[in-house]
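Subject: Predicted model, handover and findings

Hello,

Please find the structure below. The notes after it say what was found.

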Amino acid sequence: SMAAQPGGSAGAWNAYEELGLDRDAGLDEIKSAFREMARKHHPDKSKEGSVDDRGERFKRIRKAYDILSNKEAREQYDAGMAVKDFVEGTIVEVDLDDMHYSEEQQSFSFECR
């Protein structure tokens, strides 16, 4: 299952999260999740939020399904996510107190322990 990336990605839209799925979900899971979410969040059925919000939510659910139910679209989406995860995963937050300032190079370095 997919743990949320710390920091940064909270605002990014995620097709799997939209349907409440793991990244390795099969097509049957995707279809049944879509049916369930579509029923739950259909603008005519749902009582949550404004009509506009419900319409937007339903569109996002539809978009997630369109991506994940299409093999080529899903492969492209996954590849894009992998790049994003890699980039986000390489940003290491370090405390400046843990860093060593080198006078001669005038740069900070960080020793990985």
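**Helix H3**

H3 has 18 residues and reaches 26 Å from its first C-alpha to its last, close to the 26 Å expected at 1.5 Å a residue; the expected span of a helix is 1.5 Å times one less than its number of residues. Helices (H or I, at least four residues) and strands (E, at least two) are DSSP runs, numbered from the N terminus. The buried residues of H3 are Arg54, Gly55, Ile61, Ala64, Tyr65, Ile67 and Leu68, where buried means under 20% relative accessible area, exposed over 50% and partly exposed in between (1.4 Å probe, protein chains only). These buried residues pack against H1, H2 and H4; contact means heavy atoms within 4.5 Å.

**Basis**

This is a predicted model, in which local features need pLDDT of at least 70 and side-chain atom pairs count only at pLDDT 80 or more, while totals for chains, interfaces and linings use all residues. Residues are numbered from 1 along each chain as its sequence is written, and side-chain values use heavy atoms, with hydrogens and water left out.

**The chain as a whole**

The chain contains four helices and two strands, in the order α-α-α-α-β-β from the N terminus. Of its 113 residues, 26% are buried. The accessible surface comes to about 8,400 Å², and 51% of that belongs to carbon and sulfur atoms; areas come from the Shrake-Rupley method with a 1.4 Å probe, and for residues only the protein chains shown count as cover. Among contacts with a separation of 6 or more, 51% are between residues 24 or more positions apart.

**Helix H2**

Helix H2 covers residues 27-41, and its 15 residues should span 21 Å at 1.5 Å a residue; the end C-alpha atoms are 21 Å apart, which agrees. Its buried residues are Ile30, Ala33, Phe34, Met37, Ala38 and His41. Seen down the axis of H2, they fall within an arc of 130°, so they line one face of the helix; the arc is that of the directions from the helix axis to the C-beta atoms. An α-helix has 3.6 residues a turn, so residues three or four places apart point the same way. On the other side of H2, the exposed residues are Asp28, Arg35, Arg39 and Lys40. The buried residues pack against helix H1 (15-18), helix H3 (51-68) and helix H4 (71-89).

**Helix H4**

For the 19 residues of H4, the span should be 27 Å at 1.5 Å a residue, and the end C-alpha atoms are 26 Å apart, which agrees. In H4, Arg74, Tyr77, Met81, Asp85 and Glu88 are buried. They cover an arc of only 75° around the axis, which puts them on the same side of H4. The face turned away from this buried side carries the exposed residues Glu72, Gln76, Val83 and Phe86. Packing partners of the buried residues of H4 are H1, H2 and H3. At the start of H4, a side-chain oxygen of Asn70 reaches to within 3.0 Å of the backbone nitrogen of Glu72. That pair is read as a polar contact: N or O atoms within 3.5 Å, where within protein one must be able to donate a hydrogen and the other to accept it, and residues adjacent in sequence count only if both atoms are side-chain atoms.

**Core and individual residues**

Which residues have the most contacts inside the largest nonpolar core? They are Tyr16, Leu19, Leu21, Ile30, Leu68 and Tyr77, in a core of 17 residues. H1, H2, H3 and H4 each supply at least two residues of this core. A nonpolar core is a set of buried Ala, Val, Leu, Ile, Met, Phe, Trp, Tyr and Cys residues joined through side-chain atoms within 4.5 Å.

Not counting residues up to four places away in sequence, the contacts are as follows:

- Ile30 touches Leu19, Leu21, Ala25, Tyr65, Leu68, Ser69 and Arg74.
- Arg74 is in contact with Tyr16, Arg23, Asp24, Ala25, Ile30, Ile67 and Leu68.
- Tyr77 is in contact with Trp13, Asn14, Ala15, Tyr16, Ile67 and Leu68.
- Asn14 is in contact with Tyr77 and Met81.

Arg74 has a relative accessible area of 15%, and a polar atom of its side chain lies 2.8 Å from the backbone oxygen of Arg23. Tyr77 is at 16%; Tyr77 and Ala15 are 62 residues apart in sequence and 8.8 Å apart in space, C-alpha to C-alpha. Asn14, in the segment before H1, counts as buried at 11% relative accessibility. A polar atom of the Asn14 side chain lies 3.0 Å from the backbone nitrogen of Glu17.

Regards
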